[in-house]
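Visitor: Could you take me on a close look at the helix packing in this model? I would like one connected account of what sits against what.

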Amino acid sequence: MTIETATLGGGCFWCTEAVYQELRGVVSVESGYTGGTVPNPSYEQVCEGSTGHAEVVRLRFDTEVISYREILEIFFTIHDPTTPNRQGNDVGTQYRSVIYTHSPEQQETAKQVIACMASVWDAPIVTEVSPEQPYYKAEEYHQNYFRQHPFQGYCAFVVAPKVAKFRKVYADRLNTAGAGT
């Protein structure tokens, strides 16, 4: 088993976490914050939009099962990479589309995937690609949020449809045990 890390921001981390927890080859998913200037920010501080942090998920994945390229290709199908600082009704810099890379190879792969995905979208891709920055794990109540609160309003109306779409499109890639369980 060869483990790599990917750090991705695609809007609310509850949505992104819920999808990647079901992907075969992903061994753990953690919600957190990165890309800002305040050490150890709280959710409330990040939501105010003044810290500069993005809501992200940090994935650990087995490269013998799934490649970084595949992780990114899925990323571009589960969020809208063409809207700056916004995903649906979630608006603010904390919801920006961003890839934090952990190596020069990841940075090059990210640029390649963005170039390939440009033809899929009707508008230009605005996803940022940046080297990894200090990362802070989100509060414990944000971890496994969709699994713990599937009927909470936001989860039922925003997260669940994204997860259902992912399950349909990537049925052959599902991990029935789920990461982070």
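Guide: Let's start where helix H1 passes helix H6 in a right-handed crossing; a crossing counts as right-handed if the near helix is turned clockwise from the far one by less than a right angle, and as left-handed if anticlockwise. Before we go on, please note that this is a predicted model, in which local features need pLDDT of at least 70 and side-chain atom pairs count only at pLDDT 80 or more, while totals for chains, interfaces and linings use all residues. Residues are numbered from 1 along each chain as its sequence is written, and side-chain values use heavy atoms, with hydrogens and water left out. Helices (H or I, at least four residues) and strands (E, at least two) are DSSP runs, numbered from the N terminus.

Two packed helices are described by the angle between their axes and the distance between the axes. For H1 and H6 (residues 153–169), that angle is about 35° and the axes are 9 Å apart. The axes are lines fitted to C-alpha atoms, for helices over the stretch in contact, and angles run from 0 to 180 degrees between N-to-C directions. On the H1 side, Trp14, Cys15, Ala18 and Val19 meet Tyr154, Val158, Val159, Lys162, Val163 and Phe166 of H6, where contact means heavy atoms within 4.5 Å.

H1 also packs against H3: the axes of H1 (residues 13–20) and H3 come within 11 Å and cross at roughly 130°. That makes H1 oblique to H3; angles under 35 degrees count as roughly parallel, over 145 as roughly antiparallel, 65 to 115 as roughly perpendicular and the rest as oblique. This crossing, too, is right-handed. Thr16, Val19 and Tyr20 of H1 make the contact with Ile71, Ile74, Phe75 and Ile78 of H3.

How enclosed is H1? Eight of its eight residues are buried, so H1 is largely enclosed by the rest of the structure. Buried here means under 20% relative accessible area, exposed means over 50%, and partly exposed lies in between (1.4 Å probe, protein chains only). Glu17 is one of the buried residues of H1, along with Phe13, Trp14 and others. Val29 counts as buried, at 10% relative accessibility.

At 1.5 Å a residue, its 14 residues (104–117) should span 20 Å, and the end C-alpha atoms are 20 Å apart, which agrees; the expected span is 1.5 Å times one less than the number of residues. An α-helix has 3.6 residues a turn, so residues three or four places apart point the same way. In H4, the buried residues are Gln106, Thr109, Ala110, Val113, Ile114 and Met117. They cover an arc of only 135° around the axis, which puts them on the same side of H4; the arc is that of the directions from the helix axis to the C-beta atoms. The cover over these buried residues includes strand E1 (3–10), helix H3 (68–78), strand E6 (97–101) and strand E7 (128–131).

The face of H4 turned away from that buried side carries the exposed residues Pro104, Glu105, Ala115 and Cys116. Glu105 counts as exposed at 55% relative accessibility. Between Glu105 and Asp62 there are 16 Å in space, C-alpha to C-alpha, with the two residues 43 apart in sequence.

One last stop is the loop between H3 and strand E4 (86–87), which holds Asn85. Most residues other than glycine have a negative phi, and most peptide bonds are trans. Asn85 has a positive phi, near 55°, and is partly exposed, with a relative accessible area of 29%.
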